[in-house]
Amino acid sequence: MSLPHGPGPGNPEPTLAREAVLHGAVVTPALCGPLALANWAAQSGRTQPSAGVAALFSLLILVSAGVGGWKAQAKAPEHPLPNGAAAAAAGYLVVQGLGLVIAGVSGSIDLGTVVGVAYLAVLMATCGMIGAALAHRRTSGSPDPTNHTPGEPR
């Protein structure tokens, strides 16, 4: 699979498209916001949070970042990876920004929380890139992997 490269000597145009990033950044929190609230509701009132419930919601939130990247790629197919990453990270930071404001008002914010949000923003950006790469591969007319000559590499 060949993906377009970013700016460089042979490609001076910018790679981020505002419309693509905004489109994906709206889709991501629309999906991960309700999931985060559902996770909070499922875990509230427990003395010991359920690791299984947390893992399930974490996986679903990462998939929502992939969907945001997928949607961003649709608006900027010439530069899918940076737009997918920026869209997913921006959408995640919208949701977490609200959470950080609430935590700051309640006085329960610390350095670990901020570092965790930054780390998870990178993870969400990675999932956005994966979603954008999958969408790019799907729309770029890749050859059918089931149609190959025996003995040739796939």
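Q: What do the buried residues of helix 1 pack against?
A: This is a predicted model. In it, they pack against helix 2 (51-75), helix 3 (80-106) and helix 4 (111-139).

Q: Which residues of helix 1 are the buried ones?
A: The list includes Ala20, Val21, Gly24, Ala25, Val27 and Thr28. Further along, Pro29, Cys32, Gly33 and Leu35 are among them, as are Asn39 and Gln43.

Q: How far does helix 1 reach?
A: Its 26 residues, 18-43, reach 37 Å from the first C-alpha to the last. That's close to the 38 Å expected at 1.5 Å a residue.

Q: And what's the phi like at Gly45, after the helix?
A: Gly45 follows helix 1 with a positive phi, near 85°.

Q: OK, helix 2 then. What's buried there?
A: Phe57, Ile61, Ser64, Ala65, Gly66, Gly68, Gly69, Ala72 and Gln73. The buried residues of helix 2 pack against helix 1, helix 3 and helix 4.

Q: Switching to charges: how many salt bridges does a search of the whole structure find?
A: One. Glu19 pairs with Lys75, and their closest N and O atoms are 3.5 Å apart.

Q: What does that pair tie together?
A: Glu19 sits in helix 1 and Lys75 in helix 2, so the bridge links parts that are 56 residues apart in sequence.

Q: Is Glu19 buried or exposed?
A: Exposed, because its relative accessibility is 53%. Lys75 has 39%, so it counts as partly exposed.

Q: Now Asn83. Where is it found, and is it buried or exposed?
A: Asn83 is in helix 3. It counts as buried because its relative accessibility is 0%.

Q: What is Asn83 in contact with, leaving aside neighbours within four places in sequence?
A: Thr15, Leu16, Ala17, Ala20, Val21, Ala72 and Ala76. Ala20 and Val21 are also on the buried list for helix 1, and Ala72 is on the one for helix 2.

Q: How many charged residues are in the lining of the largest pocket?
A: None; by class there are 16 nonpolar and six polar residues.

Terms used: Residues numbered from 1 in each chain as written. Predicted model: local features only at pLDDT ≥ 70, side-chain atom pairs only at ≥ 80, totals over all residues. Heavy atoms only, no water. Helix = DSSP H or I, 4+ residues; strand = E, 2+ residues; numbered from the N terminus. Expected span 1.5 Å × (residues − 1). Buried < 20%, exposed > 50% of the residue type's maximum accessible area, 1.4 Å probe, protein only. Contact = heavy atoms within 4.5 Å. Nonpolar A, V, L, I, M, F, W, Y, C, P; charged D, E, K, R; others polar. Salt bridge = Lys/Arg side-chain N within 4 Å of Asp/Glu carboxyl O.
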